[in-house]
Amino acid sequence: MPMDIRLFRIDSRLLHGQVTTNWAKVTKVNRILVVSDSAAHDRIRRTLLFQAAPPGIKVNVIPVFKMISIYRDPRFDFLQVLILVENPVDAMRLISGGIKVKKVNIGALSFDNDRMMVTDTIAVSKKDVMAFIWMHRLGIELDVRKVSGDNSKDLWKALQDKKLV
């Protein structure tokens, strides 16, 4: 039995206060896995992510390929994890690599010139939309919530409302 994924979250900010104070407690995880090729290869970002760890919960910052390789490794079966990725494309890479999830939580996706706002906290690019379409076709629920107490919103409906899907 592969590791227990308690929350699979896309958030361009990765590990920050809402994750550490709310999601980590509510999901009762014993490890936070920040899965990001760019963060894994950036010593300063890695250090900052380790410093943001909530007390008593270990954080690892690893590239996408490593997450896929450790997912089914029996040495990691004891882990109850919160997986954080920066963007929908990395989420799609993990899922296509064999990571099993029924729901993806989307926290915030930063706005830039290539992105369109679809909710008050989520901006998407064409690549993001393609990744969300791919997940939707697999039957994966796209749950928009900043913190666990928020009402769940369906990102698919927001994408439909903006005529992006």
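Of the 165 residues in this protein, 50% count as buried, where buried means under 20% relative accessible area, exposed over 50%, and partly exposed in between (1.4 Å probe, protein chains only). Please keep in mind that this is a predicted model, in which local features need pLDDT of at least 70 and side-chain atom pairs count only at pLDDT 80 or more, while totals for chains, interfaces and linings use all residues. Residues are numbered from 1 along each chain as its sequence is written, and side-chain values use heavy atoms, with hydrogens and water left out.

## Overall build

The protein holds seven helices and nine strands; helices (H or I, at least four residues) and strands (E, at least two) are DSSP runs, numbered from the N terminus. Its radius of gyration is 15 Å, close to the 15 Å that the globule rule gives for 165 residues, so the protein is as compact as a globular protein of that length. That radius is taken over C-alpha atoms, and the globule rule is 2.2 Å times the number of residues to the power 0.38. The C-alpha trace spans about 45 × 30 × 30 Å along its principal axes.

As for charge, the mean positions of the 27 positive and 17 negative charges are 3 Å apart. Lys and Arg count as positive and Asp and Glu as negative, leaving out His and the chain ends; each charge is placed at NZ of Lys, CZ of Arg, CG of Asp or CD of Glu.

Seven strands form an open sheet of mixed pairing, in the order 3-2-4-1-5-8-9. Strand 3 and strand 9 (153–154) stand at the edges with a single partner strand each, so one side of each is left without a neighbour in the sheet. Two strands pair if DSSP finds at least two bridges between them. Strands of a sheet pair through backbone hydrogen bonds, either parallel or antiparallel.

Three of these pairings are set out here, each with one facing pair of residues.

| Strands | Sense | Bridges | Facing pair |
|---|---|---|---|
| Strand 2 and strand 3 (residues 58–62) | parallel | five | Val34 and Val61 |
| Strand 2 and strand 4 (residues 80–85) | parallel | five | Leu33 and Ile83 |
| Strand 8 (residues 141–144) and strand 9 | antiparallel | two | Val144 and Lys153 |

Strand 2 deserves a look of its own. Five of the five residues of strand 2 (residues 31–35) are buried, so this strand is largely enclosed by the rest of the structure. Arg31, Leu33 and Val35 point one way, Ile32 and Val34 point the other way, and all are buried.

In helix 1 (residues 17–27), the buried residues include Val19, Thr20, Asn22, Trp23, Ala24 and Thr27. Their cover includes strand 1 (4–10), strand 2, strand 4 and strand 5 (103–106). Asn22 is buried, with a relative accessible area of 17%. Not counting residues up to four places away in sequence, Asn22 touches Gly17, Val147 and Ser148.

Most residues other than glycine have a negative phi, and most peptide bonds are trans. Leu14, in the loop between strand 1 and helix 1, has a positive phi near 60°. Lys28, in the loop between helix 1 and strand 2, also has a positive phi, of about 55°, although it is not a glycine.

## Val64 in helix 4

Val64 belongs to helix 4 (residues 64–71) and, at 2% relative accessibility, counts as buried. Leaving aside neighbours within four places in sequence, Val64 is in contact with Val35, Asp37, Asp90, Arg93 and Leu94. Val35 is also one of the buried residues of strand 2.

Notes. Contact = heavy atoms within 4.5 Å.
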